[in-house]
Amino acid sequence: MKLIKLVKRVTALLLTVSALAVLCAGCGNGGEGSAEADTVLGSGRSVLRIISGSENAELEPVLEKFAQQEKIRIEMTYKGSLDIMRLLGEEEIPYDAVWPASSLWLSVGDEAHRVKHAESVSISPVVFGIRQSLAKELGFVGREVSVRDLLAAIQSGKLRFCMTSATQSNSGASAYIGFLYALLGNPEVITAQNLQSEELKTQMRELLSGVERSSGSSDWLKDMFLEGDYDAMVNYECLMIEANRELEERGEETLYVVYPYDGLSLADSPLGYVDQGDDGQEELFLKLQEYLLSGEIQNEIQRTGRRTGYTGVSEENMDVFRADWGLQPERVLSPIKMPAADVLFECLNLYQTDFKKPSLNVYCLDYSGSMSGKGNEQLVEAMEQLLIQENARQNFLQASQDEVNILIPFSGEVIDTYTAVGNGSQLEALYDRVKDQQVGGGTDMYAAAVRGLELLKEYDLTQYTPAIILLTDGQSGGSFYEFEDAYMELGAEIPVFSIMFGDADETQLEELANYTNARVFDGRENLTEAFRSVKGYN
Amino acid sequence: MKTKLIGLGILAAVVVAAVVYVAVSRSRTVTEISGYVGGEKIGLLEDEEVQEILRDRYRLTIDYAKAGSIDMITADASGRDFLFPSNQTALELYEQINGKPVKSEIILNTPIVLYTRSAVADALVAEGIASETEGVCYVDMEKLTEAIETGKTWADIGLPQLYGSITVGTTDPTKSNSGNMFAGLLANTLCGGVANESSLPEILPRLKSIFQKLGYMESSSSDLFDQFLKTGMGAKPLIAGYENQLLEFAAEDPATWEQVKEDIVMLYPTPTVWSSHVYIALDEKGTAGIDALLDEDIQRLAWEKHGFRTGVYDTPSAGEHFGVPGLAEEITQVAPMPDADTMDQIIKAL
């Protein structure tokens, strides 16, 4: 009898083993592949989902090689470092790995200690890139430059620049902290008391009034810079090299890189594993990390203009860090100290509410018949996150006192227009309009955008960062040429960001984005997320 | 008939083999224990040889989440079997909050040291802040603290390529052990002995202003050390860490160490303090980790591959194999850490 029992048990065991083997064919398949990834590299059943700063988009070829070698998929989702920090505070983290620009955001965000194996992949300082001729004119070539020197050039109106939003992206935040130090007279470290000064407010506003365009991500800032006609930008050294390669190829003037000695910060690009208890994923992650940190790949990464390894830029890669572009591969990078976390957040809040140039947002929102039901519900929810200030503050998207928000609900024609000034009751009342507006009729986004441009004529646009934010869910009637005429008439570069929803026609939206040097956000998966991102750009 | 018998015989053999297999595999069941571990010990726990000994001799695997030594005491410990902080103060704090743990034991020891680059070390020697005796570099804590308190800049001591004033980069003393112990060491230095509650009114404000100058601080010793190595002299000219961190790095990656060793200098503070890595078992299951980690071979590996001085405070065997110049054979100048209540007040003030 006993024997039979044992045989049964063994059989059961064998069955279990084979069943497990079958199951395991689907193992290491880190959950459902999220449709939201920005880029999918390689193919295979196993997936490594990485949420990363946009600057790492330049490393896709390196990642793709690994994905192919291992026959896996790598899904890259690009978000600002601050978004990544916030994500780490959430209950669910739908990624296997995080790769923000700087370890600062990792250690501030990872309060639940879920990130392990974090290691720096490469280093890149945040620097100023200024058109060669202008850099020469300003006397910045071949000498040490301080943040004060840059400020003087900005104050005199000679230097205008692009930088990412300090509350959304690491490069913008780093540069902004550098500005704070300089304006405060280079204290040992910034304290909460320092920030209360009225003088600081006046000076910082003046400084940030020199910002021509902003963006929620560093890589897109570089792309925007290359599309537009700007004099300078604040960005990572590696993206300056990338931009210069492109500029040189086009035969255009390159940027001269300036390292402000009293306002420098470093992005150390840590790649860390989000431990959710899946050993297979952990192993895969470690394999990727080992690959990225191997001598060969570190060298390849160095050739993209990132500083890697322990011994600085190698002799053979010196040609990447060109002296005629102002690059100093052998420079001792001595950064400023980041303030303590609570002070840092205070700095970011002040940037959003008091210091940055006020935004002038024109929301053109689709209320056509096809939006009825779910679509409209999602729209109202998304706008609630932006307009109700308590919600907006969670994502450092709160409005400033002087901010202007215009609402243009449209269907086949413009339904109405509403304007809210500041961050008080007018703004929250705008939300009631969004909520109460009835849906129905056709779609003509061009008519709404044209009305938006007309309304902008009433403002001194140099005092604002203006943008049209357009949401539509269908093929639009009307015509692009109508929009083009109105745009020419206004004669100012107003980016038209659009959010693609429902059955929107991507080509129509891309046309608008290309024409106005803006970009299209995909709101089909998560509309709230798309609105948040778009607001981060303005 | 014969074939039938043979058939039965084979069947019996298969069954017996299966029974043996089931029995053996049962006795081999490996228990997984999980807990919070200070980042500096991860190399040891990830060591395959160590894992093998744990598995084969003790049928144990150790899963961990990284946490600062102080942080882990107050963190949510549900589902965890042990804590493995890097000092005894953490144990004392634990006892104050939760009472006596199921079991606790010191597993490893390593002194707090400072790490710097050769150019900085030379400048510190020239200033009389550091000195070299028999190939080992020592830093005079009193003089160093004075330089920090008076706001001397790196440029003042002949290092104009470094921005700002002289500081020692540490982890956040309220979260992580090496920073916490360095705060204890500074407290001792400021009062010229071992700091206690009566010396606090005098030293707390000074301690606070020293740490305030650091701004944002990393919460893990291993991250700080990694940044020290990778971001170069400019970003982290002088940091506090554990002696074992460099020894482990040199043992794990001798090729890289060979490239950078000329430039990296380990400085022993006089006096220094011991970081005693104490294992706190939170439940019965967790106690198994203590015996296992005290295994003779694990202790040997802990020194040879990871640089932890074990059992006794001096080196269990000579450390030549590390190829780290300036490794002190004995640590003679050691002061005790301030007691837990004093440290608690220091942490609260910082």
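These legends walk through a few close-up views of a predicted model.

In this model, local features need pLDDT of at least 70 and side-chain atom pairs count only at pLDDT 80 or more, while totals for chains, interfaces and linings use all residues. Residues are numbered from 1 along each chain as its sequence is written, and chains are lettered from A, with ligands numbered from 1, in the order in which they are written.

**View 1. Chain A as a whole.** Chain A has 20 helices and 18 strands (DSSP runs numbered from the N terminus: H or I of at least four residues for helices, E of at least two for strands). Its radius of gyration, taken over C-alpha atoms, is 25 Å, close to the 24 Å that the globule rule gives for 538 residues, so chain A is as compact as a globular protein of that length. That rule is 2.2 Å times the number of residues to the power 0.38. Along its principal axes, the C-alpha trace of chain A spans about 95 × 65 × 50 Å.

**View 2. Inside the largest nonpolar core.** A nonpolar core is a set of buried Ala, Val, Leu, Ile, Met, Phe, Trp, Tyr and Cys residues joined through C-beta atoms within 7 Å; buried means that 20 or more other C-beta atoms lie within 10 Å of a residue's own, with C-beta atoms placed from the backbone. The largest core holds 160 residues, and A97(A), V98(A), C364(A), A449(A) and L470(A) touch the most other members. Helix 7 (residues 170–183) of chain A gives the largest share, nine residues. A second, separate core has 62 residues, including L162(B) and L247(B).

**View 3. Around V98(A).** Leaving out residues up to four places away in sequence, V98(A) touches I51(A), I84(A), L88(A), L106(A), V115(A), G272(A) and V274(A). Contact here means C-beta atoms, placed from the backbone, within 7 Å.

**View 4. Where chain B meets chain A.** Here 31 residues of chain B are in contact with 34 residues of chain A. On the chain B side, the elements giving two or more residues are helix 1 (2–27), strand 2 (60–66), helix 10 (221–235) and helix 12 (254–260). Helix 10 of chain B gives the most, with ten residues.

**View 5. The two domains of chain B.** An automatic or database domain assignment gives domain 1 (30–110 + 276–322) and domain 2 (111–274 + 325–349) of chain B. Their centres, taken over C-alpha atoms, are 24 Å apart. The contact takes 29 residues from domain 1 of chain B and 31 residues from domain 2 of chain B. On the domain 1 side, helix 5 of chain B supplies the largest share, four residues.

How values were computed:
Contact = placed C-beta atoms within 7 Å. Buried ≥ 20, exposed ≤ 12 C-beta atoms within 10 Å, placed from the backbone.
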